[in-house]
Amino acid sequence: MGTYINRGNKAFRDIVSHEYVDKTSLIPLINARLNSESRYSCVTRCRRFGKSMAAKMLCAYYDKSCDSRELFSGLKAEQDKTFETYLNKYYVLYLDVTSFTARPEMRKNIVRTIQEKIIADLKKAFPDVTYDDNSDLMDVLSSIHQAKGEKFFFIIDEWDAICREFPGRQKMKGDPDTVTPTILDEYVMLLRRLFKTQDSDEVFAGAYLTGILPIKKYNTESALNNFREYSMITPGRLASSLGFTHDEVAALCQKFDMNITDMESWYDGYRIGSESHIYNPYSVMRAIENDWYQSYWASTGAYDSVKTYIQMNFDGLKDDIIRMLSGESVPVITTKFQNDLNVINSRNDVLTVLIHLGYLAYNRDTNRCYIPNKEVADEMNNAVQSTEWSQLAKTLENSQHLLDATIAVNENAVAQAIDLAHDENTSILAYNDENSLACVLTVAYIWARNEYVIHREYATGKGYADLVMIPRRNVSKPALVIELKFNNTADTAIDQIKRKQYPAKIAEYTGDILLVGISYDWDSKQHTCKIERHTK
């Protein structure tokens, strides 16, 4: 067992010996691509989404230096017809790129050092093979293949760590049109040498790369366009292979006596490909471990970069952030992003970066993005409040006052606060019907999302309430049922709430319920408000 070749199955053994959610359905999907034109896969997800666990699983499955049959006993992969065909059949190379980027003494010659370390491990494992002088990594692998007739499966975990750490290209002094190769250039050249040369398909049965970013584009071409890429935006058939599905989380909640509604509110919301409910697995398991729902997102990093991205001066970006903080979704074009955190040319690039980082979710059916859940919303709020957006900071402050006034049944203060919210956000919201009024209200009640689950067009009683705000489990505040009227009276809104029995659907909520009617008069340009306590 070596450091980079044939690491064995210990890492996966440690994983399955604890609470393991079966994600071995990935194995048949990778098996189907072995020794074919689609043998190279790059699977990217945001941090803490199970990428490294999946890589260790594949290592245990393919590594011919060990017997992993017992580890997969009873798991999904064992039922697939290809399971026996490829179980422990290949020499596996395993490279965690962050083990190099995290060591300052290696940074200057990191690409050369990676090659040297793997070559040394290979020569130790195959001492009887003859190697040419000055052989690079691909030469060494080819020599082993020719001598032994064996193929390799190469796993590179966090493949893009070098791209994130060493992004730039250096221009020659006095010659602005000439650049010197950088660490990033050297790294891309190494990957091309390994996976895009004439000998690649003979040497490798397959390769599996994990990371946060899809493979970098140079102009419009991928640096490794022979890789099949499965990302947060285009996951293909691997949509459910990383992250937890709703059924998986529901089973965990039943086993550990956790509340599925709270899990959904805190950690669900990612729509990845055909999977409409994908949860952050790290946060789900931490909530179970601690028996407490909170944001575990801060430990995933990237916080400072998010602050940088969201305050970039692109037209419409700030308005989009406000919309999404209020629970709306916004359109995004993801196809022009160059898969480089340091090449950001537009509002669309910023939103696409945030999708890959997991701060936004993406709906491919509508080409829109949104903040997925309370955990991420909390961190996005923290990021926004630490920026220089004085206007948005004021909006958040005013929103807190609006919620306080609503709960205090201060009708005049509520009407004035909504007037102010309307004036502040006329740049992003048209104002000519009840739907646009609802948009203003969702922005005005941004702060309430910290303490409430907010529903638009909520099916209640005999109709649909415009807004229903239900307190989170640890919040002792009244629920709010809000009806909106355009060019009508607030009293009419209250009457509709009662007549259509809107509070009936939330009758299981045992706390107080406030009925809130809000109207806007087009002639006077003023809002009015009526608030009543619901009598059960």
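These legends walk you through several close-up views of the predicted model shown above. Residues are numbered from 1 along each chain as its sequence is written, and side-chain values use heavy atoms, with hydrogens and water left out. Because this is a predicted model, local features need pLDDT of at least 70 and side-chain atom pairs count only at pLDDT 80 or more, while totals for chains, interfaces and linings use all residues.

**View 1. K148 and D128 meet in a salt bridge.**
Let's start with a pair of charged side chains. A salt bridge here is a side-chain nitrogen of Lys or Arg within 4 Å of a carboxyl oxygen of Asp or Glu. For K148 and D128, the N to O distance is 2.8 Å. K148 belongs to helix α7 (residues 137-148), whereas D128 sits in the loop between α6 (110-125) and α7, so the contact ties together parts that are 20 residues apart in sequence. Helices (H or I, at least four residues) and strands (E, at least two) are DSSP runs, numbered from the N terminus. Are these two residues buried or exposed? K148 is partly exposed at 37% relative accessibility, and D128 is exposed at 55%. In these legends, buried means under 20% relative accessible area, exposed means over 50%, and partly exposed lies in between (1.4 Å probe, protein chains only).

**View 2. D139 and R193 form a salt bridge.**
The closest N and O atoms of this pair are 2.8 Å apart. D139 is in helix α7 and R193 is in helix α9 (residues 183-195), so this link connects distant parts of the chain, 54 residues apart. D139 is partly exposed, with a relative accessibility of 31%. R193 is also partly exposed, at 28%.

**View 3. R271 reaches D365 through a salt bridge.**
Here the N to O distance is 2.6 Å. R271 lies in strand β11 (residues 270-272) and D365 in the loop between β14 (361-363) and β15 (368-370), so the pair ties together parts that are 94 residues apart in sequence. R271 counts as partly exposed at 26% relative accessibility, while D365 counts as exposed at 56%. How many salt bridges does a search of the whole structure find? The search finds 18.

**View 4. Strands β13, β15 and β14 form an open sheet.**
The three strands follow the order β13-β15-β14, and their pairing is antiparallel. At the edges are β13 (330-331) and β14, each of which pairs on one side only. Two strands count as paired if DSSP finds at least two bridges between them. Between β13 and β15 there are two bridges. Look for V330, which stands opposite C369 in β15.

**View 5. Strand β1 (residues 40-44) is mostly covered.**
Five of the five residues in β1 are buried. In a regular strand the side chains alternate between the two faces of the sheet. Which residues of β1 point which way? Y40, C42 and T44 point one way, and S41 and V43 point the other.

**View 6. Strand β1 pairs with β6 and with β9.**
Strands of a sheet pair through backbone hydrogen bonds, either parallel or antiparallel. Five bridges join β1 to strand β6 (residues 204-211), and these two strands run parallel. You can find Y40 opposite A207 in β6. The pairing of β1 with strand β9 (residues 228-230) is also parallel and spans three bridges. In that pairing, V43 stands opposite Y230.
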